[in-house]
Amino acid sequence: MAPYYRIRPANEEDIFFIRALELDPANQYVHCWDEDTHREKMAHPSYHYFVAEDVEEKPLGYAILTYNTPERLEWRRIIVARRGAGLGTTFMRDILKHFSKDQTLKTIRLDVYEENARARHVYASLGFRETGTDIAKVPGRTLILMEIDNT
């Protein structure tokens, strides 16, 4: 059984929850957007926001993905409020299943800070493979590029 009740598309009412997770110091590896940026991205057709919630409709985590091209999807964010219970891994796995139905989509990519070993482990366990590195916007940090084929 999934550690959440359902996944649904996020809406503007979820922005407060999304921002609260982004601003939590425990989520040091996630970049923050302001409210206006989230509203703009939510309204854009290439962006997909999802919220995992419990049976009482309390949000437990969110994810953001965007199509760079019809064949390539970029995983921009995933944050869950409770770590260590498998919520993030299951949430991510279920979103990957959702997008696996897209016959045009060939690749899902993401980047992760090199020192974020926990996330790298989760992504690898879901089938993502490291494909290279990039210089992060934060001086002195390196991003690991990872991809998974949509098969």
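Author: What follows describes the sheet, its hairpins and the helices around it.

The model is a predicted one. The secondary structure of the protein chain comes to 4 helices and 7 strands. Read from the N terminus, these elements follow one another as β-α-α-β-β-β-α-β-α-β-β.

The 7 strands form an open sheet with mixed pairing, in the order β1-β2-β3-β4-β5-β7-β6. At the edges stand β1 (6-9) and β6 (129-135); each has a single partner strand, so one side of each is left without a neighbour in the sheet. From one strand to the next, the twist averages 30 degrees. As for what holds such an arrangement together, strands of a sheet pair through backbone hydrogen bonds, either parallel or antiparallel.

β2 and β3 pair in the antiparallel sense, over 7 bridges. Within this pairing, F50 has A63 in β3 as its bridge partner. The hairpin of β2 and β3 has 5 residues between the strands, and E57 in the turn has a positive phi of about 65 degrees.

Strand β3 (residues 59-69) is also joined to strand β4 (residues 72-80), by 8 bridges, and the two run antiparallel. Two of the facing pairs can be named here: L65 stands opposite W75 in β4, and T69 stands opposite R72 in β4. β3 and β4 form a hairpin as well, with 2 residues between them.

I135 stands opposite T142 in β7. Between β6 and β7 the hairpin has 6 residues, and G140 in the turn has a positive phi of about 85 degrees.

Next come the helices that lie across the sheet. Helix α3 (residues 87-99) lies across β1, β2 (47-53), β3, β4, β5 (107-113) and β7 (142-149), and runs at about 155 degrees to β4. Helix α4 (residues 117-125) lies across β4, β5, β6 and β7, running at about 160 degrees to β5.

Helix α1 (residues 15-23) and helix α2 (residues 35-43) pack at an angle of about 120 degrees, and their axes are 10 Å apart. α1 and α2 are therefore oblique to each other. Their crossing is right-handed. From α1, the contact is made by I15, I18, R19 and E22; from α2, by E35, H38, R39 and M42. These contact residues divide into 3 nonpolar, 1 polar and 4 charged.

Last, the overall dimensions. The C-alpha trace of the protein chain spans about 40 × 35 × 30 Å along its principal axes. A compact globule of 151 residues would have a radius of gyration near 15 Å, and the protein chain, at 15 Å, agrees with that.

Definitions and conventions:
Residues numbered from 1 in each chain as written. Predicted model: local features only at pLDDT ≥ 70, side-chain atom pairs only at ≥ 80, totals over all residues. Heavy atoms only, no water. Axes fitted to C-alpha atoms, helices over the stretch in contact; angles between N-to-C directions. Parallel < 35°, antiparallel > 145°, perpendicular 65-115°, else oblique. Left-handed = near helix turned anticlockwise from the far one by under 90°. Contact = heavy atoms within 4.5 Å. Nonpolar A, V, L, I, M, F, W, Y, C, P; charged D, E, K, R; others polar. Pairing = 2+ DSSP bridges. Rg over C-alpha atoms; globule rule 2.2 N^0.38 Å.
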